[in-house]
Amino acid sequence: MFRFRGKDLFSVEDFWQYAYSQLDGMAETIAEFLVAKALGIEKAENVNYWTAYDMAYRNKRIEVKATSYVHPWNKEISKIRTFSIAPTNNSYWENQDAEQKLSRQSEVYVFCLNTNKDIDKRNALAVDDWVFYVVPTFVIDGYCKETPAQKKISLNVVRRLAKEEVSYDRLREAVDETIVLSDSYNMGK
């Protein structure tokens with residue numbers, strides 16, 4: 001309970017309900033939470049501070065991106081579903097030269113799509129409403145070869161680049177397979 005001049009004013013629960021009870025507006029954070037839980041990660045690196053990637057798993061950097069068919073600010077089905085893949089420089093995180101070449105900082109991307117199309121029945125934490133596409137970063141970089149600074153990628157392109165669409169219960173296995181693929185690619189470079 002927070003107090004002001006000796007009087008109880010409000011609790012942490014009051015604040016939580018005010019600020020965060022609308023989970024639909026937190027799709028990216030919820031997707032990161034779901035991926036972390038699927039991978040057995042208790043707390044991702046980006047939870048308390050800004051990082052170049054969302055979480056580390058098996059010594060690999062994982063980037064998580066999310067989109068959905070409906071959003072709380074628009075009750076109609078969205079016609080465009082995209083994900084951010086903008087390259088960055090990691091000088092902020094590693095004190096490197098600010099002129100460093102831009103690149104994607106992870107080895108693996110997990111693209112998350114909430115498939116529920118009924119905003120009134122949506123539960124952002126219902127894992128059955130989510131599908132996942134796991135793509136090694138080198139595949140994204142290959143797709144963006146002509147435009148390496150590309151900042152967004154469509155759901156349709158992600159579907160083509162991903163090996164398969166996976167459900168929550170297969171997510172860890174898909175990430176493990178993608179890490180093996182990424183390691184093989186990097187050893188052959």
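In the predicted model, five strands form an open sheet of mixed pairing in the order E3-E4-E6-E7-E9, where strands are DSSP runs of E of at least two residues and helices are runs of H or I of at least four, both numbered from the N terminus, and where two strands pair if DSSP finds at least two bridges between them. Strand E3 (55-57) and strand E9 (165-166) are the edge strands, each pairing on one side only. Strand E6 (residues 108-114) and strand E7 (residues 130-136) run antiparallel and are joined by seven bridges, with Val108 standing opposite Pro136 in E7. In total, the secondary structure of the protein comprises six helices and nine strands. Residues are numbered from 1 along each chain as its sequence is written. Because the model is predicted, local features need pLDDT of at least 70 and side-chain atom pairs count only at pLDDT 80 or more, whereas totals for chains, interfaces and linings use all residues; side-chain values use heavy atoms, with hydrogens and water left out.

Helix H2 (residues 27-38) lies across E3, strand E4 (60-68), E6 and E7, and runs at about 135 degrees to E4. Helix H6 (residues 171-187) lies across E3, E4, E6, E7 and E9, running at about 10 degrees to E7.

Four aromatic pairs are found in the whole structure, rings of Phe, Tyr and Trp (its six-membered ring) being paired if their centres lie within 6.5 Å, and stacked if their planes are under 30 degrees apart, edge-to-face if over 60 and tilted otherwise. Tyr109 and Phe111 form a stacked pair, 5.5 Å centre to centre with 15 degrees between the planes, and both are buried (under 20% relative accessible area, with exposed over 50% and partly exposed in between; 1.4 Å probe, protein chains only). Ring pairs link Phe83, Tyr109 and Phe111 into a cluster.

How values were computed: Contact means heavy atoms within 4.5 Å. Axes are lines fitted to C-alpha atoms, for helices over the stretch in contact, and angles run from 0 to 180 degrees between N-to-C directions.
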